[in-house]
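My notes follow, entry by entry.

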Amino acid sequence: MGPDFKMNIELTIEKIAFGGDGLGFVDGKAYFVEGALPGERVLARIKNDKKNYGKARLLRILLPSPERVEPPCPYVRACGGCQYQHLRYEEELRWKELQVRESFAKELRADAPFIQPIRRGPKEYGYRQSITLHRTVKTNQKPHPLAFIGRDNHSFVFIENCMLADENLKSVFAAPHALGKYEIKRVFKIGQDKGIVSSEEDRLYRVPLGGEVFWAHSRGFFQNNLDVTELVAEEVAEIVRETAPSRFIDLYSGVGTFTVLSAPKIPELCCFEQSPYAIDCLRRNLNERGLPGAIFRGKVEQMFPNFWLGNRKEDSFILLDPPRLGITPQLAEFFSKADMITNLVYLACDLQILLRDLRIILSKGNYRIRTVVPFDMFPRTKHLEVLAWLERA
Ligand SMILES: C[S@@+](CC[C@H](N)C(=O)[O-])C[C@H]1O[C@@H](n2cnc3c(N)ncnc32)[C@H](O)[C@@H]1O
């Protein structure tokens, strides 16, 4: 039996678990300690003791790791946004890559050779092109400062600046904002002229990315880390070149980022997207370049299976870039069975969700994993982007 709830424990941290907590053992039982690093000897207080594992709060570092650095952000303890600021960035990258390798090995019994080294952009801070701030008072029509939600998931953290955000967003943090009656949060983004666009507005704006300038909407999705998005688009373009499809199917296409950047020369382009904000921009982004794209409006899970059953084509290339929650089990099941799909690239911003969906897609033995590429799209946070290329077995 492990130690009692609320008891202090002394342990050596062995690794960083998915999510950024340090992991160590006491009497064979695993304990997750937020803020502790591998190699460190720490004193921690148990705050949540389950049958097979526990969570503990870091009280004191008895023996620090040489990889430990002072977090540069003054809000890091209260704010829930960053999990890795206390670790050297190169080590964060190494641990994230290892998490991908271990997760694929454990969850899919898939050996690591096809997993490529993690790719990173030039910035470890100042990369976010968009931030979301939350309402902090009940009656909100009068201007008041907005805030991040804290590490405890409910308190507000008022800040003067976020180190992850592009410096051009700085002015929005401390400024008072008058929200609409039903507005509980507001998104602020950077446009082409470095001007700020907010979700209060209902308008189009332009974003330069990968040598192109895209139309985007103030209330729609656009990629947050532009440098790393370029790397992802280059990787997709490379796979497209190698497989030379006659049709590129962009599922959850958004404004058409990957169709435009990775597959503009493919003869037949099909984009599936449900958001009216994105579709308006998608149409402009295709038309402006004279790209002959067909736009399918609505939910991918409802439209794509019927489309495919009526339009099977062996040399189609399918890109899946769903929201964080991934695809439905039914759609994953459809992919697992669909014959004639030769190349499927799944781009995910949540590793666990990707593994969940791949387990279903791979379950019938119709595909093999050709390559997996992790991208550090969200430095200093627990998140990462993973591309998995499946080809017909
Ligand atoms: C992660 S974003 C990717 C967008 C695009 N690939 C890009 O890079 O800009 C996911 C997109 O899926 C759209 N979406 C969400 N659920 C959807 C659904 N069920 N069917 C179709 N599109 C959906 C969202 O509006 C969003 O544009």
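Predicted model: local features only at pLDDT ≥ 70, side-chain atom pairs only at ≥ 80, totals over all residues.

Residues are numbered from 1 along each chain as its sequence is written, and side-chain values use heavy atoms, with hydrogens and water left out.

**Ligand site**

Which residues are closest to the ligand? I found Gln223, Thr257, Glu273, Val300 and Asp321, out of 17 residues that surround the ligand; a residue is near if one of its heavy atoms lies within 4 Å. By type, the shell divides into six nonpolar, seven polar and four charged residues.

Helices (H or I, at least four residues) and strands (E, at least two) are DSSP runs, numbered from the N terminus.

Next I looked up polar atom pairs. Glutamine 223 has a polar side-chain atom 2.7 Å from an oxygen atom of the ligand, and threonine 257 has one 2.9 Å from an oxygen atom of the ligand. In the side chain of glutamate 301, an N or O atom is 3.2 Å from a nitrogen atom of the ligand. On its own the ligand has 600 Å² of accessible area, and the protein covers 89% of that. Accessible areas come from the Shrake-Rupley method with a 1.4 Å probe; for residues, only the protein chains shown count as cover.

**Positive phi**

Most residues other than glycine have a negative phi. I noted two with a positive value here. Tyrosine 252 has phi near 65° and is found in the loop between strand 15 (247-251) and helix 4. Buried or exposed, this tyrosine 252? Tyrosine 252 counts as buried because its relative accessibility is 16%; buried means under 20% relative accessible area, exposed over 50%, partly exposed in between (1.4 Å probe, protein chains only).

Methionine 340 has phi near 75° and lies in the loop between helix 7 (329-337) and strand 19 (343-348). At 27% relative accessibility, methionine 340 counts as partly exposed.

**Arginine 247**

I went to strand 15 for arginine 247. Arginine 247 is at 2% relative accessibility, so it counts as buried. Its side chain makes a polar contact with the side chain of serine 316 at 3.1 Å. A polar contact is a pair of N or O atoms within 3.5 Å; within protein, one must be able to donate a hydrogen and the other to accept it, and residues adjacent in sequence count only if both atoms are side-chain atoms. Leaving aside neighbours within four places in sequence, the contacts of arginine 247 include Glu268, Trp308, Asp315 and Phe317.

**Helix 8**

Aspartate 350 caps the N-terminal end of helix 8, with a side-chain oxygen 2.9 Å from the backbone nitrogen of glutamine 352. Among the buried residues of helix 8 (residues 351-361) I listed Leu351, Leu355, Asp357 and Ile361. The buried residues pack against helix 1 (89-108), helix 7, strand 19, strand 20 (367-375) and strand 21 (385-392).

Isoleucine 131 is found in strand 6 (residues 130-134) and counts as buried at 2% relative accessibility. Not counting residues up to four places away in sequence, isoleucine 131 touches Ala165, Leu169, Val172, Phe173, Arg186, Val187 and Phe188.

Serine 198 is found in strand 12 (residues 196-198) and is buried, at 7% relative accessibility. A polar atom of the serine 198 side chain lies 3.0 Å from the backbone nitrogen of glutamate 200.

Notes. Nonpolar A, V, L, I, M, F, W, Y, C, P; charged D, E, K, R; others polar. Contact = heavy atoms within 4.5 Å.
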